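Here is my note on the model you sent. Please read it with the structure open.

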Amino acid sequence: PNEEQPISEEEWGSLIQEIDSLEEQLHNSTLADNIKDLIARHLSLIRKALGEYGIVGIKAVKEAVHKAAGELIEYKEVIKEHKDAPEISKFGQIWQRTTQIADGAIKTERVIAAGEKIWALIKPIFDSTN
């Protein structure tokens with residue numbers, strides 16, 4: 001049985017618009033190059049996963065989320081140093097939406113919270129209160 005619900009064109013298009021917007025912000029950003037490079041890598045990862053979604057399904061998005069989680073944890077102190085930057089805030093919002101989309105597309109209950117768990121792990125990196 002198919003264990004996936006399709007990602008709606010509206011969700012997909014909205015996320016792509018957010019990625020485009022943040023990429024544009026990065027061009028004029030005063031953030032350090034290593035932070036801009038990190039964000040750009042992750043935006044590219046999400047964009048690639050969304051592009052592969054039509055071929056391999058939600059697996060591509062889930063793999064992108066898992067791959068990114070490790071790097072975000074590795075760079076958490078650097079990200080936290082710049083937590084008030086609008087680019088970092090937008091970056092966190094994009095990752096949150098990506099994990100929500102991944103969870104929303106999976107019907108199987110035992111896997112449905114995987115993105116939610118990963119988001120709970122990386123969310124503190126983006127919280128301005130930490």
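**Notes on the fold and its core**

1. The accessible surface of the protein is about 7,400 Å², and carbon and sulfur atoms account for 49% of it. Areas come from the Shrake-Rupley method with a 1.4 Å probe; for residues, only the protein chains shown count as cover.

2. This is a predicted model: local features need pLDDT of at least 70, side-chain atom pairs count only at pLDDT 80 or more, and totals for chains, interfaces and linings use all residues. Residues are numbered from 1 along each chain as its sequence is written, and side-chain values use heavy atoms, with hydrogens and water left out.

3. The protein has six helices and zero strands. Helices (H or I, at least four residues) and strands (E, at least two) are DSSP runs, numbered from the N terminus. Of the 130 residues, 40% are buried (under 20% relative accessible area; exposed is over 50%, partly exposed in between; 1.4 Å probe, protein chains only). Take contacts (heavy atoms within 4.5 Å) between residues at least 6 apart in sequence: 77% of them join residues at least 24 apart.

4. The largest nonpolar core holds 36 residues, and Ile39 and Leu72 have the most contacts inside it. Such a core is a set of buried Ala, Val, Leu, Ile, Met, Phe, Trp, Tyr and Cys residues joined through side-chain atoms within 4.5 Å. Helices H1 (9–27), H2 (33–56), H3 (59–74), H5 (86–104) and H6 (114–126) each give two or more residues to this core. H2 gives the most, with nine.

5. Which residues does Leu72 touch, not counting those up to four places away in sequence? They are His42, Ile79, Phe91, Trp95, Ile122, Ile125 and Phe126.

6. There is one aromatic pair. Rings of Phe, Tyr and Trp (its six-membered ring) pair if their centres lie within 6.5 Å; planes under 30 degrees apart count as stacked, over 60 as edge-to-face and the rest as tilted. The rings of Phe91 and Phe126 have centres 5.4 Å apart and planes at 80°, so the pair is edge-to-face. Phe91 lies in H5 and Phe126 in H6, so the pair ties together parts 35 residues apart in sequence. Both Phe91 and Phe126 are buried.

7. H2 bends by about 25° at Leu50. The bend is the angle between axes fitted to the seven residues ending there and the seven starting there. Buried residues in H2 include Ile39, His42 and Leu50. Gly57 follows H2, with a positive phi near 80°.
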